[in-house]
Amino acid sequence: MSEDQAKQKEGYFTLSGDVNSDMVHRVFEAVAGMNDDGIETAHILLQSNGGYVSDGLCLYNFLANAPVNCIMYNGGAVASIAVILFLSGKQRYASETARFMIHKSHATASPGSRPDALNIIVEGLRADDARTESILRKHIELSPEQWGIHQYGDLHLNARDAKAAGMIDDVVDFAPPKGSYLRNI
């Protein structure tokens, strides 16, 4: 196989914005295109401050089992449910200046909500937290102090902290080779 043929099997992609149904659709379409184009490995630079838990879980499950090997990169900020999406990568990297932020789920109740409606919201948040925490514990190892911060607030990790926790394999920039297949999802 020539070097050009080997390059054609890798693609470089950027994915940014809120984790929502629009992003789910874009990722589904992009992976279908990758599959059609014969791309076996997708290097994906993710930039997102988070979004909807259900959409993030869908993307995590889809990309973790996609017919394309996904390698994820954080070049700036990956936060909230986007961290779960990031963890779908079989290999994961972050730039020296990147950061991650994880926290528990949250919601805003409508003014004047009745107790039964508030109960439904609380149960939904607990279910979301159980699902996301199981994925976090599968992929990363935080110190008891870090888990304590996560329990009640926002836990911020820089690239070195993320490497120590096993969230990333190494501190490496997303750097597509000149002339490589590069697309925005």
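Biologist: Let's start with strand 1 (residues 10-16) and strand 2 (residues 41-48): how many bridges join them?

Modeller: This is a predicted model, so keep that in mind throughout. Strand 1 and strand 2 run parallel. Within that pairing, F13 stands opposite I44 in strand 2. The number of bridges joining the two strands is seven.

Biologist: And which helix makes a β-α-β unit with strand 1 and strand 2?

Modeller: The unit has strand 1, a helix and strand 2, and its hand is right-handed. The helix covers residues 21-37, and that is helix 2.

Biologist: On to the rings. How are Y73 and F174 arranged as an aromatic pair?

Modeller: The structure holds six aromatic pairs, one of them formed by Y73 and F174. Their centres are 5.2 Å apart and their planes make an angle of 70°. Planes over 60 degrees apart count as edge-to-face, so this pair is edge-to-face.

Biologist: How many residues apart in sequence are the parts that this pair ties together?

Modeller: Y73 sits in strand 3, whereas F174 is in the loop between strand 7 and strand 8. The pair therefore links parts whose separation in sequence is 101 residues.

Biologist: Which residues form one aromatic cluster with Y73 and F174?

Modeller: The cluster has Y73 and F174 as members.

Biologist: What about charges over rings: which residue lies over the face of W147?

Modeller: One such case is R183, whose charged end sits over the ring of Y181, 4.5 Å from its centre. For W147, the distance to the ring centre is 3.8 Å, and the residue over its face is R137.

Biologist: Is G179 buried or exposed?

Modeller: G179 lies in the loop between strand 7 (170-171) and strand 8. Its C-alpha atom is separated by 36 Å from that of K138, 41 residues apart along the chain. The relative accessibility of G179 is 78%, so G179 counts as exposed.

Biologist: Zooming out, what radius of gyration does the chain have?

Modeller: The chain holds seven helices and eight strands, and its C-alpha atoms fill a box of roughly 65 × 35 × 25 Å along the principal axes. For 185 residues, a compact globule would come out near 16 Å. The chain's value agrees with that, at 18 Å.

Biologist: Last one: what share of the 185 residues is buried?

Modeller: Of contacts between residues at least 6 apart in sequence, 75% join residues at least 24 apart. As for buried residues, their share of the chain is 43%.

Conventions: Residues are numbered from 1 along each chain as its sequence is written. This is a predicted model: local features need pLDDT of at least 70, side-chain atom pairs count only at pLDDT 80 or more; totals for chains, interfaces and linings use all residues. Side-chain values use heavy atoms; hydrogens and water are left out. Two strands pair if DSSP finds at least two bridges between them. Helices (H or I, at least four residues) and strands (E, at least two) are DSSP runs, numbered from the N terminus. A crossover is right-handed if, with the strands pointing away from the viewer, the path from the first strand over the helix to the second runs clockwise. Buried means under 20% relative accessible area, exposed over 50%, partly exposed in between (1.4 Å probe, protein chains only). Rings of Phe, Tyr and Trp (its six-membered ring) pair if their centres lie within 6.5 Å; planes under 30 degrees apart count as stacked, over 60 as edge-to-face and the rest as tilted. A charge sits over a ring if NZ of Lys or CZ of Arg is within 6 Å of the ring centre and within 35 degrees of the ring normal. The radius of gyration is taken over C-alpha atoms; the globule rule is 2.2 Å times the number of residues to the power 0.38. Contact means heavy atoms within 4.5 Å.
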